[in-house]
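Please have a look at the fold below before going on.

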Amino acid sequence: MPQLFPSNPSATMVIRDVTPNIVTMSLPFARFGIWRFGGRGTLVKLSTGSLAVFSPVSLTPEVRAKVESLGGNVKYIAAPDLEHHLHIGPWKEAFPQASILAPEGLYEKRQSNKEYKDSPFEHVFKKNEPQSISEEFDAEFETEYVYGHSSRELVFLHRPSRTVIEADLLFNLPSIEQYSRTEDGNPLNSWTKMVLPMLSTKGSATAQRRFAWHVLSAKDRPAFTDSMKRIGGWDFDRLIPCHGDVIETGAKGVFENVMAWFLQDGTKHS
């Protein structure tokens with residue numbers, strides 16, 4: 001199996017305070033071992049003091065220290081789609097009081113692999129079934145279950161900071177921050193350069209718009225369109241993707257550009 005993450009994540013992970021209550025944990029990640037997409041987990045401290053982690057990465061000593069500095073009370077572990085789940089087991093073991101949030105089908109996928117031994121997930125998002133997490137979580141987060149996405153994506157809006165947190169909905173390559181501590185510091189090998197136009201938000205982002213239309217939404221385009229319109233109605237300025245750099249400001253406009261065909265009338269224009 002190709003190596004996805006670095007063997008020593010402590011050596012290459014960038015832990016950064018995006019706001020006083022939001023921390024990103026960014027590190028190299030190579031899809032199929034060749035495409036340098038970068039990986040990122042996000043910690044959010046709620047006003048109650050509870051912590052939520054989205055798309056958790058390796059629970060290194062440095063990550064544990066950051067969690068403790070934020071109070072240590074991890075109550076929510078979100079696996080935002082069928083692919084971003086590899087590290088939820090160690091986090092659940094370290095913080096057994098935490099509830100796991102995941103899309104339908106992930107638990108079954110993990111149990112088909114004897115490497116994973118999970119208890120049933122506490123919150124499973126299902127098509128056309130609204131999911132209430134808790135009073136404190138729902139007070140700060142809006143959640144959209146994009147079941148029309150090929151990987152059954154969960155997208156979160158942290159209302160107090162106007163920040164969207166997502167996994168495989170929108171890419172912002174090159175993954176400069178995520179490869180900044182590697183030996184060569186280069187997020188763009190030849191393989192990644194080949195797919196870069198499809199995963200970049202620069203310029204017209206036409207290639208990524210086509211990628212979203214032909215690939216991400218192919219499973220159920222009408223449902224995907226409905227989800228994009230609901231997300232398009234959110235008030236946000238920052239977007240934290242799992243793959244590529246954080247869009248620190250102006251993210252609403254970037255989202256509207258990439259998802260334009262869905263937001264207009266659900267019709268591909270070019």
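Predicted model: local features only at pLDDT ≥ 70, side-chain atom pairs only at ≥ 80, totals over all residues.

Pro174 sits in the loop between strand 12 (163–165) and helix 6 (190–195); helices (H or I, at least four residues) and strands (E, at least two) are DSSP runs, numbered from the N terminus. Residues are numbered from 1 along each chain as its sequence is written, and side-chain values use heavy atoms, with hydrogens and water left out.

**Backbone**
- Ser55 is not a glycine, yet has a positive phi of about 50 degrees; its place is the loop between strand 6 (51–54) and helix 2 (61–69).
- Ser55 is buried, at 7% relative accessible area (buried means under 20%, exposed over 50%, partly exposed in between, with a 1.4 Å probe and protein chains only).
- Asn128, also not a glycine, has a positive phi of about 60 degrees and lies in the loop between strand 9 (123–125) and helix 5 (135–140).
- Asn128 is exposed, with 60% relative accessibility.

**Overall fold**
- The protein has ten helices and 13 strands.
- Its C-alpha trace spans about 50 × 45 × 40 Å along the principal axes.
- Of the 270 residues, 54% are buried.

**Contacts**
- Among contacts (heavy atoms within 4.5 Å) with a separation of 6 or more, 59% join residues 24 or more positions apart.
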